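Hello,

Here is the structure I promised to pass on to you. Have a look at it first, and then read on for what turned up in it.

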Amino acid sequence: MAVHTKHPVAAPPTAPIRATSGHLLLRGWCIFVLAAALAGPAWPLALGIPGTAVLVVAAGVVSASVWAVLRPPVQWRRLPWFALAYGLWAVCSLLWTTHLAATAATLVLLLVTTVQAVFVGAVLTWRELVRAMASALKWVLGLSLLFELWVSVVWRGVLLAGFARPDGGGADGAVVWSHDQLLSGGRIQGIVGDATALAFLALLGMVVFAVRFASRAPRRTLLAGWFALSAFLFFRAGSALGWLGAAAVVLVLATVLVMRTTKRAGERTRYYLVYALVAAAGILAVWFGRSQIFAFLGRSTDLDGREGTWALITAKALERPVQGWGFATPWPPRDAASAPWIADVDPALTQAHSVWLDVFVQLGLVGMVLLALTFFAYVWRSWFFAVDRPRWDLVADRPYSPVTLVPTLTGAVLLVQGVADSGPIVAGGWLLIVMLAFKIKQAPLLGRGASEERLVGEQGETERVPR
């Protein structure tokens, strides 16, 4: 006798959605793009400028080809327009530049980096993007430690660009890749060849690894290990500016977490006023107490000679204050004919050690305004991306995601770095600004929107990535 039941029968369990091999390759390529950009200064040190140019162009061609095949959904009306306007003004400087070859060459780097930033933001979801950032930082930081260890154990001496040794035991006027100080207790520079750049990469690594840990990503023990490695490299880089960046990250993080606790209208206004007063007091304290602070950190009050460089560059910029002398980021090394201000400063320098002075001397006041608007728009959107509770319907109590902290904390890192270093407008820094600004505008809600969906399977059906 047949037995019938009205109880619903549960569907058999199904395997979780897994990425296809093609998508795994795509993610791997995005990790390479991010790692190559973050380690940007390492390429000319190792391959020279011609080799770096070939690598940049080849990577751009690959990404453009993949983009043409995949055609990821992009809301073209929601692009980072201020960043694109800055790039357009840089292109326009071809009309008045005094160093056409250098402007054209560095414009290729700027345009390829911008395209790469939009490409990565378009093909990866928010969670995949943060995961790719973590993987790229692991490569850069891990190789930095191995590189310094190799210099100390195998090379045993100062390493110059192009894997050369100093002539006659000196390195005056040469680009030093590593000072061989890992085992002696001094400052290390990593594969990027700059202690300040390494410090900010390590600080960014601590931010991203901590966010991944808080997101309950798999293999959290390894994430804790990578966080510890980042902290070690940050400490050994010995950058005074890096410590100021770390203080800014802690302040911004504390402010975001406090803002997330507000429940009534008007509460945030009081907090904003309090934090504005605290920030103003902190800036004044740093300015008037800079002698004591820099002495404690083992640095001179002129930021290791930067003030003299700034004075020379400012004087040169004031000769053409509106449009500047023409784009050249980074500076062509050791070639005064390619950038007229190089003749007055250290020929080994490739930047002004200040984002704003670099832009002022190259693109004038117009460029400075466009870059200021770029940073303002980025900070504004990333801030509310972090502090506003995710909501797209009547449900008003959805939990916050740690992933939303990444853009605003990255912005804090880059803004402080830009005070005395030009990293935020070169390679990895510029890629992060454009990529995160583009992603926020395309997907202001984590897990929702066209750019948060990806194609899986052979039939091209669209599956939502689990949040």
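A residue is called buried when its relative accessible area is under 20%. Please keep in mind that this is a predicted model.

Let me begin with the aromatic side chains. The count of aromatic pairs comes to 15. One of these is formed by Trp126 and Phe385, whose rings are stacked, with 4.8 Å from centre to centre and 25° between the planes. This pair links distant parts of the chain, as Trp126 sits in helix α5 and Phe385 in helix α12 (residues 355-387), 259 residues apart. Trp126 and Phe385 are both buried.

Another pair to look up is Phe163 with Trp177, which is edge-to-face: the centres are 5.0 Å apart and the planes are at 65°. Phe163 belongs to the loop between β1 (159-160) and β2 (176-178), while Trp177 is in strand β2, so the pair ties together parts 14 residues apart in sequence. Are the two partners buried or exposed? Trp177 is buried, at 4% relative accessible area, whereas Phe163 counts as partly exposed, at 42%. Phe163 and Trp177 also belong to one aromatic cluster, together with Phe147, Trp150 and Trp155.

Val154 has a relative accessible area of 53%, so it counts as exposed.

Now for the charged residues. Lys263, Arg264, Arg270 and Arg389 form a positive surface patch. Within this group, Arg270 is placed in helix α9 (residues 267-288). Arg270 is exposed because its relative accessible area is 51%, and the cut-off for that word is over 50%.

Side chains of opposite charge can pair when their charged atoms come close. How many salt bridges does a search of the whole structure find? The search finds one. The partners are Lys316 and Glu319, and their closest N and O atoms are 3.8 Å apart. Lys316 is buried, with a relative accessible area of 15%, but Glu319 is exposed, at 51%.

Best wishes

Key:
Residues numbered from 1 in each chain as written. Predicted model: local features only at pLDDT ≥ 70, side-chain atom pairs only at ≥ 80, totals over all residues. Heavy atoms only, no water. Patch = residues over 30% accessible without salt bridge, like charges linked within 9 Å, V, L, I, M, F, W, Y side chains within 5 Å. Areas by Shrake-Rupley, 256 points an atom, 1.4 Å probe, with all protein chains shown as cover. Salt bridge = Lys/Arg side-chain N within 4 Å of Asp/Glu carboxyl O. Lys, Arg positive; Asp, Glu negative; His and termini not counted. Charge placed at Lys NZ, Arg CZ, Asp CG, Glu CD. Helix = DSSP H or I, 4+ residues; strand = E, 2+ residues; numbered from the N terminus. Buried < 20%, exposed > 50% of the residue type's maximum accessible area, 1.4 Å probe, protein only. Phe/Tyr/Trp six-rings, centres within 6.5 Å; stacked < 30°, edge-to-face > 60°.
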